[in-house]
Amino acid sequence: MTLPHGFEITLDRHTRVLEGGRVLVGGHPTRLLRLTPRARRLLIGSTLRVRDAASALLADRLLELGMANPVVERLAEPPDTRCTVVVPVRDRPRQLDRLLAGIDDGTPVIVVDDGSRDPAAVAAVVAAHRARLVTLPVNVGPAGARNAGWRLVTTPFVAFVDSDIVLGPDTVPTLLRHFTDPKVAMAVPRISGLPVRRAGWIARYEHARSALDLGAHPAAVRPGTPVSWASTACVVLRTDALEDGFDDAMRVGEDVDLCWRLLESGGRVRYEPAVSAEHEHRTRLGDWFLRKAVYGTGAQPLADRHPEFIAPAVFAPWSLAFVGLLLVQRRWALPVAGAVLGGVTLRIARKAAGTRHPHRLALGLAGRGAVGALAQTSALLTRHWWPLTAVGCLVSRRVRRAAALAAVADVALEYRRERVALDPVRYGVARRLDDLAYGAGVWLSALRGRSVAALRPRITR
């Protein structure tokens, strides 16, 4: 399967062009890619347009490494763009009516009533919009409801859209353009918050830092990268890529499981923030906190199915040693940590031999790795491992210092980056409640599964 002529990509914002175009540095994990003279001529600035077999091969390689992204507005539509919208719903007739009102009349729509307490209200809305209704006698969960609709789809593409979503007119058509890449199995938009008239502090926090919002930049969805999974609150898929559909046994995390299964089968998953779908976030404190905890309970089932993907943090041996030395908080540990960082810098410089400034490049890459390791350690202390951190704070001054620094540093950095319409104090409180809820869910799932797989970091080269 090769990329078609006319397919255009642009280098990712984190990909650096060095040595007059002879070397590219970027991707996840970071790689140094040396280009042949012929390959250099294919790149015009930061863009590449597929014109022949050589350009198709280079474009495919850059996409696979996460060093480039498709230019979606310049992609052609696939030959057959027929797409069926499948909507799983349980009650929520008002939200369902709002969603269906925004879908074109010519688009096939299948609404799956997943054991509503008032099925008549749902049926009335479906009839008013002339959609097809499938009624399930008992509640089977979102995975089973989506499967019930998917099995009736006869179009090449299927869009799963939750009832609390509001679709933009360009969302599905734009996502369909990604399927001109024959390897793309799934494409997802940015999930933004539905505007509310009187937004409380939880609503404002959620609008800035919803777990469903994967950011403002396009990306390949892959474990171990900044966009490691994608929600199916709104998603377009190749119908035949689903194979066995969603895992009916999963009440939460079924979207992550599907995403990772598609990747394991060789497909690509694209995140496209050029278009968005608005989601009705939970804004009441109790509902919001409970939902965050429920998200966490999906960790152990995912660990059972994808043990290589679920790690809460991924460290190289040197970065683990570097962080461990800093956590010791001894005078002798700081210079040793510096020596570790210096050693890995020299090792990277040897690999970058032949570039104009190998040591400068290596220092930047090693520094980025060190910062990433510290960020992951902060997340472990305040989110995934917070019960252990709390116990440690009772008996160790060093643990208290590390926990306090982690709790303050991530809030300060995120608050500045996110530009939240919320004061720093309440943002910080919401951030910590978010971590407490999610971490509690992860620990609950680990206890139920009698396994620490979802809590165990992964060490990789």
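A residue is termed buried when its relative accessible area is under 20%, exposed when it is over 50%, and partly exposed in between (1.4 Å probe, protein chains only). The structure is a predicted model, in which local features need pLDDT of at least 70 and side-chain atom pairs count only at pLDDT 80 or more, while totals for chains, interfaces and linings use all residues. Residues are numbered from 1 along each chain as its sequence is written, and side-chain values use heavy atoms, with hydrogens and water left out.

A search of the whole structure finds 30 salt bridges, each defined as a side-chain nitrogen of Lys or Arg within 4 Å of a carboxyl oxygen of Asp or Glu. Helices (H or I, at least four residues) and strands (E, at least two) are DSSP runs, numbered from the N terminus.

Arg49 belongs to strand β5 (residues 47–49) and Glu8 to strand β1 (residues 8–11), so the pair ties together parts that are 41 residues apart in sequence. Arg49 is partly exposed, at 35% relative accessible area, whereas Glu8 is buried, at 6%.

A second pair, Glu19 and Arg356, meets at 3.9 Å, N to O. This pair links the loop between β2 (16–18) and β3 (23–26) with the loop between α12 (333–351) and α13 (358–384), 337 residues apart. Glu19 counts as buried, at 14% relative accessibility, and Arg356 as exposed, at 60%.

Arg268 and Asp181 also form a salt bridge (2.7 Å, N to O), and both residues are buried.
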